[in-house]
Amino acid sequence: MDRAEKIVVGLSSGLLGLFFLALLAAARLKAIDVPPCLPPEVRPFQTGRIDTLPDGTRQIFYVARMWRFEPEVVEVPAGKPVDIFLSAADVTHGLYVSWTNTNLMAIPGAVNAYRFQLPQPGVYPIICHEYCGAAHQNMVAYLIAK
Ligand code: CUA
């Protein structure tokens with residue numbers, strides 16, 4: 001390896017190291033982490049429901065099925081944490097809360113979960129973003145933040 005090659009390899013390695021450190025710093029500053037494991041008692045479910053924890057956190061158990069979400073309309077407090085648990089009753093669906101970065105897959109036999117909050121009062125459509133059949137484009141639900 002001649003001197004020029006050593007310089008290029010050294011600069012490339014340094015740049016990769018810099019990118020990796022930037023990634024770690026961004027993850028730490030933004031509190032980004034891998035999702036926690038769900039407790040074993042959270043099993044795939046077939047009926048949508050809404051719970052409220054003693055601290056006021058709203059928990060929504062969504063079931064995605066051809067071609068609707070259950071529950072379809074849910075009111076949540078703006079600026080407060082909301083837990084979504086998502087299960088699929090038939091095929092793979094997607095759940096995207098409009099104008100947020102809340103984006104989950106509904107996979108048969110599995111439960112996905114995510115905690116988020118809606119900062120502003122308003123109506124937030126939830127759409128299915130995974131093609132799931134003939135009426136996929138009609139699969140919509142609404143979160144109403146008050
Ligand atoms: Cu459900 Cu597309």
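This is a predicted model: local features need pLDDT of at least 70, side-chain atom pairs count only at pLDDT 80 or more; totals for chains, interfaces and linings use all residues.
Residues are numbered from 1 along each chain as its sequence is written, and side-chain values use heavy atoms, with hydrogens and water left out.

**Salt bridges**

The whole structure holds 5 salt bridges. The term means a side-chain nitrogen of Lys or Arg within 4 Å of a carboxyl oxygen of Asp or Glu. Among them are these pairs:

| Pair | N to O distance |
|---|---|
| Asp-51 and Arg-49 | 3.3 Å |
| Lys-146 and Glu-75 | 3.3 Å |
| Asp-83 and Arg-115 | 2.7 Å |

Asp-83 is in strand β5 and Arg-115 in strand β8, so their bridge ties together parts 32 residues apart in sequence. Strands here are DSSP runs (E, at least two residues), numbered from the N terminus. Asp-83 counts as buried, at 9% relative accessibility. Arg-115 is partly exposed, at 47%.

Lys-146 and Glu-75 bridge distant parts of the chain. Lys-146 sits in the segment after β10 (140–145), Glu-75 in strand β4 (residues 73–76), and 71 residues separate them. Lys-146 is exposed, with a relative accessible area of 60%.

In the remaining tabulated pair, Asp-51 is partly exposed at 27%. Arg-49 is partly exposed too, at 39%.

**Arg-68**

Salt bridges also link Arg-65, Arg-68 and Glu-70 in a network. Arg-68 lies in strand β3 (residues 68–70). Its relative accessibility is 39%, so Arg-68 counts as partly exposed. A polar contact of 2.8 Å joins its side chain to that of Glu-70. Beyond neighbours within four places in sequence, Arg-68 is in contact (heavy atoms within 4.5 Å) with Val-63 and Met-139.

**The largest pocket**

The volume of the largest pocket is about 370 Å³. Its lining has 17 residues, and those closest to the centre are Pro-35, Pro-36, Ala-113, Tyr-114 and Arg-115. β5 (82–88) and β8 (112–116) are the elements that give two or more residues to this lining. β8 gives the most, with 4 residues.

Notes. On a 1 Å grid over the protein atoms alone, a cavity is a set of points where a 1.4 Å probe fits but cannot get out, and a pocket is an open set with protein on both sides within 12 Å along at least five of seven lines; lining residues have an atom within 4 Å of a point. Grid points are joined across faces, edges and corners, and a volume is the space filled by probe spheres set on the points. Buried means under 20% relative accessible area, exposed over 50%, partly exposed in between (1.4 Å probe, protein chains only). A polar contact is a pair of N or O atoms within 3.5 Å; within protein, one must be able to donate a hydrogen and the other to accept it, and residues adjacent in sequence count only if both atoms are side-chain atoms.
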